[in-house]
Amino acid sequence: MEGRRATRGVAPAAAASVAAAVVPGPAEVAKRGRKSTARNRTPSPPPRKASPARKSPGRGRPPKATSPARRASPARKASPSRKASPARKASPGRKPAAAKVAVKEAVVTTTTKVSPEEPRRSARIRISEQRDKSPVLKKTLRDKQLSVILDDAAEELSKKGSPAKSLTPNTSQRSVVTSTGGRATASRSVSVANDSQEFSDHEDIEFQSFRRDDNGVREKSYARRSASKQLQDLREFGGNLGAAAVLLLVPAFIFFINHFCSGAAHRDCSFKLPTNLDEFKAISTYFNREVAVIFLLFTWAIALISTIPIGKAVKIVDEIRGQQSYVFTGLSCATFTGLAVFVAEYCYKYPLISTISKGYNQLLVISLVHALITALLAFVKSRYVPQTAWNPYAKSGRILSDFFLGREINPLSFNTINLKLVHYHISLTLALLFNSIILYRNVHFPTLPTSETDLPLLDKLTFIARNTEFEPTPVLAASLTVLYLLDLLAYEHHLTHSFDLQSEGFGAQLLLRYAVFPFTLTLLPKYIAAHKLPEVPVWALAAVAALALLGLAIKRSANRLKHQYRLNPLGEKFIDLETLPTFQGRRLLVAKAWGRLRQPNYAGDILQSVSLLPLLYWRFAWPPLLAVLFTVALLVHRAARLNERNAKKYNSAWQRYCASVPYALVPKVF
C-alpha cells in the first residue's frame, strides 16, 4: 500500500513536469497563434526516472534489476487495455491542475519535429500532407499545386513579419494534452469550422473545384465546362462562319461600290449593270502590272522609312508584354511620298498621277490581295512565337477565326519594324495621296506671263494667289479630308494606348480595314470632284466645314486627354478630375468628354465622316452613301467590341462606370 501511494504521488508530479515542458503558457500561445510548439520549444529538463514500483509489470511484484526502460511497441500502444476508461479519464485525481489549465488555454498543433528552415504551413496544407499517408485519400496534382501556392504565400507573410493570415476556410488541426497513467500524451484531432471570412461566388466555385469524387470525374468535367465557357466568352465575329462571311463580302462590297463610280462608263455612280459583261471577265479590270510595281515600291519605301527614328518616340509599360517602345514616323512617310511624286512628275516627267488615277480599281484589288497575303504570312509566323504573346481572342483553335483576328498583337520584322504601324502608315499615306491629287486637279494655278518673269519672288506669289481659280465644292471636300488625314499623322502618337495598337490582333480583319480605308474615305470627295456640284450654296459649304471641324475638335481633345492621362495618371493636371477605381489597379477617367460619353473619340470620328453627306442632297448617289455608312458601321461595331472587352476586364467597376456614363456615342440616344 505504501508503494502504491508513493507511485500515485509521483505520477501527478511527473505529469505536471511533462505538461509544463510540452504546453506553453497563455502569453506564449497568444504570441504564436497556431504555430507548432515543436519549432520554438524551450529545452525541457531531463525526465525523472520512474520509481521501481512503477517500472514493475505488476503492482505486488518487485521490479527486475536487469530490465532497462523500454519503449512500448506499436501493438502494445494500440491495445484496448492501454486505453483509459471514460470514468478514469474523468477522475479528478487523474488530471493535475497544471494539465487542466493547459487544456483550457493552450492549443498545440502537433508534436512532430519540424526543421527551422521549413516554411510556415496553414492547417489546410498539413491536412493535405496526411493524404499521402492515407490509403484512401490520394493527393492529386492540383492539391500539390495548391500546397506550393499557399506555402509560398505563408512564407511571404512570415518574411514581412506580419502574422500569417488564413488563406483558406478555418480548418484547424489541434492537439489536446491529456494525462493517462501519469504520462502526458498529445491526441491529434481535425475540426472544420465556419470562420467569419466571407467568400465570393467565384472563390466558392474554385473551392469546390478541389473536391473530388468518382476518381476525379467531377474535377475534369468542371475544367471542361470552364474552358468551354471561357472560349465562348472570347469569341468574336461569330467564329469561323462570321470570319468567312466577312472575308468574302467586305472585299466584294468595296470593289463594286468603287467600280461603279470609276471611269467614263460609270460616271453617274449608280448600280447599273452594263449590257456587256466583258469588263468583269477581263484580267485588266483587276490587275495592272505597272500599278502593282508602283504599289510594291511604295510599300517597301514606307517599311524602310519606318526604321528611321525620325518621329515621336513613346515608351510605355504593359502589364503583360512589359516595356514597349514606339517611334511614330507617319509625317516622315507622307513627306517622302510627296517628294517622290514631285520628282517623278517634274524631274523625270513620269506620269505618276495619271497612272494612279487610271489604275484606281486595280490598286484597290492589289491592296486587298496584299492584305490577305500579309495576314497569311503573319499567321504562319505566329507559330514560332510563344503562346503567351498571342492575342487571347485568337487562341480558339479555329484556324479561320484565328487567321481572321490575328494571333499576334504587335509583330516585329527583324526585331525593329513594327508591321502594324507600317500598314497603318501605308493606309493613311495612300489616302492622303488620293485626296491631294483631287485637290491638285481642282485648283488651277495661272502661268506667269513673260513680262512678269523678272519680278521678285514675293510679287510672283502675289500674282499667283490673285489669279488662282478653284472649284469650291470639290476643293472643300478634299481639303477637309486632307486635314483629317494630316491630323491623324501629326498626332498618331495618341494611338499608344488605343484599342487598335494594344488590343487588336494583326490579322485579316485589321489588314482588310487598313486596305479599304483609303478607298472608302476617298469615294465621296472623288464623286463630288467628278460632278463639281457648282449649285451648292455658300452657307451649306460653311455648315459642312463647321460640322467637320467640330468632329475633329471633339476627337482630338478626347484622344489628347486620354493619352496624357495614361502616360501620367498622377500628374497635376488630373488631380481635380473625377476617376473611378478598378480592381486591376487602374482608374477610369470620368471627366470632360469622357464623363459624357464612353467613346467620345469615336463620336468625333463619326461626326467628321458624315459631315460631307449633306452635299449629296444636290446630287444623290448610292455608292458614296454606302461607303460613308460602312465607315460608321465599323466605328460603331468597334465601340461595341471595346465595351464588351472592358466589361469582361473591369467587371463591376465597368458596370459602375456605365451607370455613371450611360451613353457610348450619342447623348440621350446610344
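Trainee: Why is D500 called buried?

Mentor: Buried means under 20% relative accessible area, exposed means over 50%, and partly exposed is in between (1.4 Å probe, protein chains only). D500 has a relative accessible area of 10%, which is under 20%, so the word buried applies. The model is predicted: local features need pLDDT of at least 70 and side-chain atom pairs count only at pLDDT 80 or more, while totals for chains, interfaces and linings use all residues. Residues are numbered from 1 along each chain as its sequence is written, and side-chain values use heavy atoms, with hydrogens and water left out.

Trainee: What makes D500 and R513 a salt bridge?

Mentor: A salt bridge needs a side-chain nitrogen of Lys or Arg within 4 Å of a carboxyl oxygen of Asp or Glu. For the side chains of D500 and R513 the N to O distance is 3.2 Å, so the pair qualifies. D500 lies in helix α21 (residues 499-502) and R513 in helix α22, so the bridge ties together parts that are 13 residues apart in sequence. Helices (H or I, at least four residues) and strands (E, at least two) are DSSP runs, numbered from the N terminus.

Trainee: Which other residue meets R513 in a salt bridge?

Mentor: The side chain of E504 does, at 3.5 Å from N to O. Both E504 and R513 are buried; for R513 the relative accessible area is 10%. Side chains of opposite charge can pair when their charged atoms come close.

Trainee: Which residues are linked in a network of salt bridges?

Mentor: The network consists of E236, D500, E504, R513, R638, R641 and R645.

Trainee: Where is E236, and how do you know whether E236 is buried or exposed?

Mentor: E236 sits in the loop between α10 (217-233) and α11 (239-259). Its relative accessibility is 7%, so E236 counts as buried.

Trainee: What makes the pair E236 and R645 a polar contact?

Mentor: A polar contact is a pair of N or O atoms within 3.5 Å; within protein, one must be able to donate a hydrogen and the other to accept it, and residues adjacent in sequence count only if both atoms are side-chain atoms. The side chains of E236 and R645 make such a contact at 3.0 Å. Contact in general means heavy atoms within 4.5 Å. Leaving aside neighbours within four places in sequence, E236 is in contact with Y393, L405, R641 and R645.

Trainee: How many salt bridges are found in the whole structure?

Mentor: The search finds 11. One of the salt bridges joins the side chains of K555 and D487 (3.7 Å, N to O). That pair links distant parts of the chain, with K555 in helix α23 (residues 538-567) and D487 in helix α20 (residues 472-490), 68 residues apart. K555 is buried, at a relative accessible area of 2%, and D487 counts as buried at 9%.

Trainee: How do you know that the length of α18 agrees with its number of residues?

Mentor: The expected span of a helix is 1.5 Å times one less than its number of residues. Helix α18 (residues 419-441) has 23 residues and should span 33 Å; its end C-alpha atoms are 33 Å apart, so the two agree.

Trainee: Why is α18 described as largely enclosed by the rest of the structure?

Mentor: The reason is that 18 of its 23 residues are buried. At the start of α18, a side-chain oxygen of N418 reaches to within 3.1 Å of the backbone nitrogen of K420.

Trainee: What makes a set of residues a nonpolar core?

Mentor: The set holds buried Ala, Val, Leu, Ile, Met, Phe, Trp, Tyr and Cys residues joined through side-chain atoms within 4.5 Å. The largest such core here has 86 residues, and L363, L485 and L615 have the most contacts inside it. Helix α22 (residues 508-531) gives the most to this core, with 13 residues. Leaving aside neighbours within four places in sequence, L485 is in contact with L428, A431, L432, N435, F517 and L521.

Trainee: Why is K592 called exposed, while K532 is called partly exposed?

Mentor: K592 has a relative accessible area of 54%, which is over 50%. K592 lies in the loop between β10 (587-589) and α24 (600-609), and K532 in the loop between α22 and α23. Neither is a glycine, yet phi is positive, about 55° for K592 and about 65° for K532.
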